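The stops below go from the whole chain to single side chains.

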Amino acid sequence: SDLESRLSPTLSVTANGGPQYFHLLGQSSGLGEGFYAAGGGSITEEVRNTAVTVSFQRSVSDGGGLYGTVINNAAMFGVRRRLVGHWETGLHGGVDRAGDLVLQAANVKTDCLVAGINFSRPIRRGSEIRISYDTMHEMYKGALSGFYGFDRNQVSLTFDFRLKAISLGQ
């Protein structure tokens, strides 16, 4: 469930949490299967054309082929600012830890620094164009030191289209 509260005209807080069920298809041992606590939250301060956000998120997911099931913890900091016209820019950074759920005692985890910048502009009726650059740099990989690193750089051009708004419950 999600909760959001505006503490002042410029300060808002959001929180989400609850149980998360995880099961890997094709896994016969049942290791890592079950309910886990997941959640997060953010604090955002908006002043004129700028918003600053600090957030934390905890979730359980698959390990992307390297781990089985992972507990992922991420802490992020971001700044968003209106530029000229309808253009906005965002800058974010933070730390991310993915730890193997089944092998926690074996120190199987990966710590990364993440950062990125994006430029976006609405194009019409809720649609948006976004140009972004994201990077991830591995800092520590615990017991998996023999594997290749997770360092990544990505540039993307995204078009988000809102085809039709559908009212639910009517």
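Start with a cartoon view: from the N terminus on, the elements run β-β-β-β-β-β-β-β-β. That comes to nine strands and zero helices, where helices (H or I, at least four residues) and strands (E, at least two) are DSSP runs numbered from the N terminus. This is a predicted model, in which local features need pLDDT of at least 70 and side-chain atom pairs count only at pLDDT 80 or more, while totals for chains, interfaces and linings use all residues. Residues are numbered from 1 along each chain as its sequence is written, and side-chain values use heavy atoms, with hydrogens and water left out.

The protein exposes about 11500 Å², and carbon and sulfur atoms supply 59% of it; accessible areas come from the Shrake-Rupley method with a 1.4 Å probe, and for residues only the protein chains shown count as cover. Of the 170 residues, 26% are buried (buried is under 20% relative accessible area, exposed over 50%, partly exposed in between; 1.4 Å probe, protein chains only).

Select Ser127, which is found in strand 8 (residues 127-140). Ser127 is buried, with a relative accessible area of 7%. Which residues touch Ser127, leaving aside its neighbours within four places in sequence? They are Pro122, Asp160, Phe161 and Arg162, a contact being heavy atoms within 4.5 Å.

Phe159 and Phe161 form a stacked pair, 6.2 Å centre to centre with 15° between the planes. Phe159 is partly exposed at 43% relative accessible area, whereas Phe161 is exposed at 56%.

Now show the charged side chains. There are six salt bridges, each a side-chain nitrogen of Lys or Arg within 4 Å of a carboxyl oxygen of Asp or Glu. One of them joins Asp111 and Arg97, whose closest N and O atoms are 2.6 Å apart. Asp111 lies in strand 7 (residues 109-124) and Arg97 in strand 6 (residues 88-100), so the pair ties together parts 14 residues apart in sequence. Asp111 is buried at 16%, and Arg97 is partly exposed at 36%.

Glu88 meets Arg80 at 3.8 Å, N to O, and Arg82 at 3.4 Å.

Key: Rings of Phe, Tyr and Trp (its six-membered ring) pair if their centres lie within 6.5 Å; planes under 30 degrees apart count as stacked, over 60 as edge-to-face and the rest as tilted.
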